[in-house]
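Here is a quick tour of a two-part model, written for someone who likes cut-offs spelled out. Have the viewer open as you read.

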Amino acid sequence: MPSLIAEANRVNDFVVKFANVNGTGSASANSLIMKAIFRMGVPVTGKNYFPSNIQGLPTWYEIRVTRDGYAARASHVDIMVAMNAETYSKDVRELRSGGYLIYDSTWPRSALLQRGDITVIPVPLAKLVNENFDGVRNRILLKNIAYAGVLAALLDVDLDVISGLLSESYGKKPKLLDSNTRALRLGYDYVKEQLTSPLPLRVEHMEKTRGHIMMDGNTAAGLGCVYAGATVGAWYPITPSTSLMDAFKGFCERYRVDPETGERNFAILQAEDELAAVGMVLGASWNGARAFTPTSGPGISLMNEFIGLAYYAEVPCVIFDVQRVGPSTGMPTRTQQGDIMICAYASHGDTRHVLLFPANPEECFYMAAQAFDIAERLQTPVFVLSDLDIGMNDWMCPDLKWDDAYKPDRGKVLSKQDLDGMEKFYRYLDRDDDAIPYRTLPGMSAKGAYFTRGSGHNQYGGYTEDSAEYQVVLDRLKRKFANAPKYLPKPVLIGKGNNAVGIVSIGSCDGAIREALDVLRLSKIEVDYLRVKAFPFNIDVEAFLKAHSTIFVVEQNRDAQLKSLLTLETAVEKSKLFSILSYSGLPISAQPIVDEIRAKLAEAPRLTAVPR
Amino acid sequence: MSYINKPKVAHPSLPTNSLGLTRRQYEGSMSTLCAGCGHDSVTAAIVEACWGLSMQPEQLVKLSGIGCSSKTTAYFVSGAHGFNSVHGRMPSIASGANAANRGLTYVGVSGDGDSLSIGIGQLVHVIRRNLNMLYLIENNGVYGLTKGQFSASADIGTKAKRGETNSSPPIDPVLLALTLGATFVARSFSGDKAQLVPLIQAGMRHNGFALIDVLSPCVTFNDHEGSTKSYGFTREHYHAAVEADFVPRAEEIAVDYPAGESIPVSLHDGSRVVLRKLDPSYDPTDRSAAYNYIENKLKQNEYVTGLIHIDEADNTEFHNLNHTAKVPLNSIPFEKLSPGSAALDKLMGRYR
């Protein structure tokens, strides 16, 4: 929402949207532009709106150039690169007043150019490319690079930086480097010779991306699993989580293969379905490996039975849920935070689970590592609730760091020596009065052997149908859950904490909320913001809810699932909570948050009174 | 059925194996199955097999799903860890466990309901994965715990206790495993311990997935006149085509076998199985011939038993294809798994 802050100066502060056809190779051209701007020191975000399709359907890519470093999607478009005839009229409508439309004028489309409030920039891209290159597929691919050249000229993107990126991509393939460089120059030179450039919306070198990277959350999470020492990954391919396992595999091949013997210090099992995938994670974790599975909503639905077993039999288990739009198959390539409730209480009977809410790829990395510590400490499933926006889009993040002093918390696992020194081992006995029992690993000692079961068991690990014995274990599990927050990340407070109005939110809403806070501050509306990072809730969440008289709960689903969880699990009065919901499938932007808070406060100014 | 726990005190004269352990030390908790249940005989055969192999109890991992058969993992080798999972999903637990530690011996016990209905997807895929484990199906054609419904292995025309006749064709686990390329496929009968024990031993030592379909009658719901899975019917219709003798590593083959009728097969750990062909026309190393033979006999209501197929030369075992480290993954120190800060700093350059 830069426009609300400084309309006049648009250098390093605008949005370019590319309308493409899926499967035509546009992604590399779009990321070339984004990365070039990033390398010029200017913060950017990239959002990919792609179809559940391999080839032919419309796809969009949105680059937000944001000198203030906002992470959220903007809710307007300044420049539209309209490369898809099928969506052309819709794309033209989406442009903001005063915006720019770049289109391929090889085929004139005058009838559609009926907006007087935009500037149309015709470039005969197909003609230029066809005159200079052979081959149908080649021309399609290079047309994308040609429009990247057009944008470079119009936005004043440093051509040397782009050339550098092309050399890195095609350094070992001189023919490709040559054709890409020529295609880039075609577009660039056409603008320089035929049009006025640069536009008032342009890029200037800054120094704000030093020490930062562009990375998607699935890559970061996969890397986190490698750093956490995970050795077994099991999965069933599902959008948008697939690239997490791809990343884990890639990093393992880089870091976990013995260069001499070719032996691998990891095993990846592509399961027959999600039921099997999570079963494999249980089997491996039970047997002493750090194991995980990445999935999305439909996979969670299938995993429910095993999740209940892991809870009751107390088997560590790390599940990454890269959430997508539900219900059912929903919109697999769109984002949502719709699995909060199903994960919190997954499976039949009295079950409840630990959830972590990363807000960006950086946190995906750190929380991936943390998730294993928590799962093994508490001997229970841990869900890392990412989403498609975090998982599959490139975000600007501070460089990831690793503390070499880190030692994994493998939890209360008895060694052979421990067992030798014990009279008898009982699997579910609360020896330390911390509600966490000791476990043993197969293969170590017959003395530590026990029978793991999902059927009723007593604290000694034996089968039971005795009410009292059953309840002893169930009650301890409840205590274990109640104690869990001390092992979980604390919520993050933004603001002084003594304002009357507060926001509570989770995960990828963070960027939009921080931006909304800046905008609200301009009109003297001060709001505190608490970002919850884990469930069960920390005591600080309860305190925040108590201290604020009006609380907006911002989340990306229809049914206000986070708000439901807050009302179920804290003492907050329902009447204090107001939902701000975004469930279009697009990442939330700051605009609706600002609008809804302003509207609510205007309608009832008393809401801003500080509670006594 | 008994609620009295047997004391684990061994009489000094009881024979011991090379570890100095008696058979009693390979037993588990008391069975809660019906008196006369075929599954208890299978349990006894597993005890005998483990004792005979001089297996360290903690080197065994016992896995199961849900059902009468799946309860039995509690009734043998109490010194081994057991995992009684959810219905039909034991293979995935076994796969994960084996991925984490390839050094242990994995034995899964399942039933016809657990394996051929709710769990057939996982069974099929664990065979395809060629996981190094022994998978026993205690096959009785009936759901016991829910009181007598037909299972997917019930034969056409077999009668239920309450009188109805089954009309759906059975799924035969042996034919299924052969179709999927399993490298160790056997069938036996719970009442034939002499045949079953060496099969279990060979299956445990086979490098890859080993399936033994054990016809194991249900005395309560499927042992009546008209049932094709009763003790009586099974005894009359099982037909051993090839017997297997298990010869532990470092032991000489003591018995003289007539040439041409016996085939010694070396297992990967140095032990051997000697296959004795009772039907000279049968070749257990030829998978498609074995399939045809079994199928033809089934049409005549004959269950062929013994080590039906073995291919010890096959190298598609899961870890072999994965090139997994020889040491168990769960034993690799953290320092070797986590690449460290310097590698991460260097990696960051790729994301600018």
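What follows goes from overall shape to cores, then to the interface and a few individual residues.

## Ground rules

This is a predicted model, so to speak of local features we need pLDDT of at least 70, side-chain atom pairs count only at pLDDT 80 or more, and totals for chains, interfaces and linings use all residues. Residues are numbered from 1 along each chain as its sequence is written, while chains are lettered from A and ligands numbered from 1 in the order in which they are written.

## Chain A overall

Chain A carries 20 helices and 22 strands (DSSP runs numbered from the N terminus: helices are H or I with at least four residues, strands are E with at least two). Its radius of gyration is 27 Å, close to the 25 Å that the globule rule gives for 612 residues, so chain A is as compact as a globular protein of that length. For the record, that radius is taken over C-alpha atoms, and the globule rule is 2.2 Å times the number of residues to the power 0.38. Along the principal axes, the C-alpha atoms fill a box of roughly 90 × 70 × 40 Å.

Of the 612 residues in chain A, 52% are buried. Buried here means 20 or more other C-beta atoms within 10 Å of the residue's own, exposed means 12 or fewer, and partly exposed is in between, with C-beta atoms placed from the backbone. As for contacts (C-beta atoms, placed from the backbone, within 7 Å), 74% of those in chain A with a separation of 6 or more are between residues 24 or more positions apart.

## The cores

The largest nonpolar core has 268 residues, and those with the most contacts inside it are A:Ile37, A:Val81, A:Ile102 and A:Leu151. Helix H5 of chain A (residues 136-155) gives this core its largest share, 12 residues. Apart from it lies another core, of six residues, including B:Val142 and B:Phe221. A nonpolar core is a set of buried Ala, Val, Leu, Ile, Met, Phe, Trp, Tyr and Cys residues joined through C-beta atoms within 7 Å.

What does A:Ile102 touch, not counting residues up to four places away in sequence? Its partners are A:Ile79, A:Met80, A:Val81, A:Ala82, A:Ile121, A:Val123 and A:Val150.

## Where the chains meet

In the interface, 53 residues of chain A are in contact with 49 residues of chain B. On the chain B side, the elements giving two or more residues are strand S2 (81-84) and helices H3 (90-100), H5 (120-129), H11 (334-337) and H12 (340-348). H3(B) provides the largest share of that side, eight residues. By type, the chain B side divides into 22 nonpolar, 22 polar and five charged residues; Ala, Val, Leu, Ile, Met, Phe, Trp, Tyr, Cys and Pro count as nonpolar, Asp, Glu, Lys and Arg as charged, and the others, Gly among them, as polar.

A:Arg453 stands opposite B:Asn84 in S2(B).

A:Leu32 sits in helix H2 of chain A (residues 26-39). It counts as buried because 24 other C-beta atoms lie within 10 Å. Leaving aside neighbours within four places in sequence, A:Leu32 is in contact with A:Ala148, A:Ile162 and A:Leu165.

A:Gln55 is in the loop between strands S2 (44-49) and S3 (58-66) of chain A. Is A:Gln55 buried or exposed? A:Gln55 is exposed, because it has 9 C-beta neighbours inside 10 Å. Beyond its neighbours within four places in sequence, A:Gln55 is in contact with A:Asn22 and A:Gly23.

Check two cis peptide bonds. One runs from A:Ser197 to A:Pro198, with omega near -5°, and A:Pro198 is in the loop between helix H7 (174-194) and strand S7 (212-216) of chain A. Another joins A:Thr239 and A:Pro240, with omega about 5°.

A:Asp156 is not a glycine, yet its phi is positive, near 65°. A:Asp156 is partly exposed, because it has 18 C-beta neighbours inside 10 Å. B:Asn130, also not a glycine, has a positive phi of about 50°, and B:Asn130 counts as buried because it has 22 C-beta neighbours inside 10 Å.

Notes:
Contact = placed C-beta atoms within 7 Å. Pairing = 2+ DSSP bridges.
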